[in-house]
Amino acid sequence: MAEFIPQESCADAHEAHSLSVDEARQRIKNLITPITTWEKRSLRDALGFILDQNITSPINVPPHNNSAMDGYAIHGSDLTGSTLTLKQVGIAFAGQPYIGTIKSGECIRIMTGAMMPTECDTVIMQEHVEVNDTSITLHGKHAIGQNVRSAGEDLQQGETVLNQGHKIMPADLGLIASLGIAEVTVKRKLRVAFFSTGDELRSIGEPLEDGQIYDSNRYTLYGMLKRLDVDILDMGVVPDQKEALRQALQLASVQADVVLTSGGVSVGDADYVKEMLVELGQVDFWKIAMKPGRPLAFGKINDTLFFGLPGNPVSVMVTFYQFVNGALQQLAGLPEQAPQLMNVNCISSIRKRAGRFEFQRGILFQDEKGLTQVKTTGEQGSGILRSMSIANCFILLEEQCDGVEPNSIVTVQPFSGLI
Ligand code: AMP
Ligand code: MG
């Protein structure tokens, strides 16, 4: 019987000189050196910045043993297991400690957060106490040491609380404030310049003539960059003309750490971005075995990092999420983060050809039993921006995958607030 040899399709031959998604990521990584410039910022103004110092605790938090409940502070050794009556000799409020000694057989009334008297090690909740005129009576069993928060229980003096490279989030502001620290050393923010290329593009507010479309890429890029806490320089729309492109690229590269463009990196007759980049910098043009987002230009203009993203609106978002996002984090000095992936059941059937990595748009949802499942957004064309808008995750389909039957497990990457 003759052996069956699968024929390479045109599409497969097309992918033959393409980089894999992982190779492209690795090449980007190899070219990036994190910025080293730092600045001091007052605590609130440091939100969203990256720490350029370790934060160590100058104090114990909490600084003293204190009561976790409203109740009565007692000597734990007085607890005998049977009914116990203790004389109340004073009261302690948060911020107003009791001054004086407390002998065995005595207690004080104590409020949540109030400093524990040194002699006492146990707090009885007020709900478990019978209150008399000048004494209290306890029934039942109570454990020695209960309802007391120890000094240093949250943080010990000298302990490293946050590491260099950590991005300061709202919880961190509170954490640093709890240590009494008013100013921190952070990396300066990255500056990212971007513009769209294309004679057909008009900005919102302008009327459309025949053959023209509104520029959407500058808006999706703006939105994603805003979420990443970088400084943004929006340079508008640049027409498909060599001189205009040359000027825009030169200006962008002296003003920013990273320049992003969209469109003009493919093989069309008006795709001049390539030519200008070759002239101005060291830039590679890649075909990546992925869909959407096959053509991508990447390199440097002097010391400025450059990404020439494809023009199609979905491709822009996918290539930004998959390549630019990680590059910006590396450049900013954040430690490398593993992508957040989940394996879930996919209820849709998905058509796919082997040979390229696909980032299909998916919707994660909870079924009636509360289980998380995923379905596709339907039509997956790279110009269909609505598919991004209704999606909340990418469905990752590896190069070798040749389709998905309904009710199979797939890997998804939630947008996590970036898109
Ligand atoms: P290009 O890579 O320049 O050939 O563009 C590919 C496709 O994306 C074309 O249909 C363009 O009209 C479209 N496109 C390019 N840039 C934008 C943009 N900024 N906003 C919306 N669509 C765009
Ligand atoms: Mg174009």
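Which helix and strands each supply at least two residues of the lining of the second largest pocket? In this predicted model, they are α1 (10-15), β19 (290-291) and β23 (357-366). The legends below start with that pocket and then move to other spots.

**View 1. The second largest pocket and its lining.** Welcome to the second largest pocket, which holds about 610 Å³ of space. A total of 33 residues line this pocket, and K291, R356, Q380, G381 and S382 are the closest to its centre. Strand β23 gives the largest share of the lining, with 4 residues. Sorted by class, the lining has 15 polar, 10 charged and 8 nonpolar residues.

**View 2. The residues around ligand 1.**

**View 3. Polar atoms facing ligand 1.** Look for D215, where an N or O atom of the side chain is 2.6 Å from a nitrogen atom of ligand 1. The side chain of N217 also takes part, with a polar atom 3.1 Å from a nitrogen atom of the ligand. On its own, ligand 1 has 480 Å² of accessible area, and the protein covers 75% of it.

View 4. You will find H75 in the loop that runs between β4 (71-74) and β5 (84-92). Is H75 buried or exposed? H75 counts as buried because its relative accessible area is 12%, and the cut-off for buried is under 20%. Follow the side chain of H75 to the backbone oxygen of I102, which it reaches at 2.7 Å. The side chain of H75 also reaches the backbone oxygen of K103, here at 3.4 Å.

**View 5. E206 in its loop.** This last stop shows E206, which sits in the loop between β14 (201-202) and β15 (213-214). With a relative accessible area of 36%, E206 is partly exposed, since that class lies between the 20% limit for buried and the 50% limit for exposed. How far apart are E206 and D234 in space, C-alpha to C-alpha? The two are 17 Å apart by that count, and 28 residues apart in sequence.

How values were computed
Residues numbered from 1 in each chain as written. Chains lettered and ligands numbered in written order. Predicted model: local features only at pLDDT ≥ 70, side-chain atom pairs only at ≥ 80, totals over all residues. Heavy atoms only, no water. 1 Å grid on protein atoms, 1.4 Å probe; cavity = no way out; pocket = protein on both sides within 12 Å on 5 of 7 lines; lining within 4 Å. Points joined across faces, edges and corners; volume = space filled by probe spheres on them. Nonpolar A, V, L, I, M, F, W, Y, C, P; charged D, E, K, R; others polar. Polar contact = N/O pair within 3.5 Å; in protein donor to acceptor, adjacent residues only side chain to side chain. Areas by Shrake-Rupley, 256 points an atom, 1.4 Å probe, with all protein chains shown as cover. Buried < 20%, exposed > 50% of the residue type's maximum accessible area, 1.4 Å probe, protein only.
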